[in-house]
Amino acid sequence: MALYNWKDEYDVGVKRFDDHHKKLFDICNSLHDAMKAGTGEEALQRILNELVDYAAYHLAEEEKAMERIGYSDIINHKRAHKMFVDKLTDAMKEVESGQAIFVVSKISRTVVDWLVNHIRVVDKRYHDEMIAGGVR
């Protein structure tokens, strides 16, 4: 059973970004499952790398769409994305310094908390402009 469950209230109404968000939840669940199963630091490192890579992909795609439509709050949105990337980068540095077991649980919880808050507050703001700009 998944630790972090997607809820319909998290939908931002732009299917491709909702799908991205769901994948990020799935990766966090994989991370939690690997940690719980004790599959070793190698598996944890692989899943963490997947999380970081997919988060970077998602954020870049969102920002490209915002730039294309001239999203009115793009500066603040990009700032929020940068803060999230900085958190992930700091966490990865901790993992690389040998603190994986202590950091992994914190990372998955931090990512999900950030995603939920970001989706429910910041991402929902772009819905109308994305739809009007043809982003689905």
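**Notebook: aromatic rings**

I looked at lysine 23 and found it over the face of tyrosine 54, at 5.4 Å from the ring centre. "Over" here needs NZ of Lys or CZ of Arg within 6 Å of the ring centre and within 35 degrees of the ring normal.

I noted the ground rules. This is a predicted model, where local features need pLDDT of at least 70, side-chain atom pairs count only at pLDDT 80 or more, and totals for chains, interfaces and linings use all residues. Residues are numbered from 1 along each chain as its sequence is written, and side-chain values use heavy atoms, without hydrogens and water.

Next I searched the whole structure for aromatic pairs and got seven. Rings of Phe, Tyr and Trp (its six-membered ring) pair if their centres lie within 6.5 Å; planes under 30 degrees apart are stacked, over 60 edge-to-face, the rest tilted.

I opened tryptophan 6 with tyrosine 10: the pair is edge-to-face, 5.3 Å centre to centre, with 80 degrees between the planes. Tyrosine 10 also pairs with phenylalanine 25, tilted, at 5.7 Å and 35 degrees. Tyrosine 10 lies in the segment before α1 (15-37) and phenylalanine 25 in helix α1, so this pair ties together parts 15 residues apart in sequence. Helices are DSSP runs (H or I, at least four residues), numbered from the N terminus. I logged Trp6, Tyr10 and Phe25 as one aromatic cluster.

Then I checked burial (buried under 20% relative accessible area, exposed over 50%, partly exposed in between; 1.4 Å probe, protein chains only). Tryptophan 6 is partly exposed at 22%. Tyrosine 10 is buried at 7%, and phenylalanine 25 is buried at 3%.

Notes. Helices (H or I, at least four residues) and strands (E, at least two) are DSSP runs, numbered from the N terminus.
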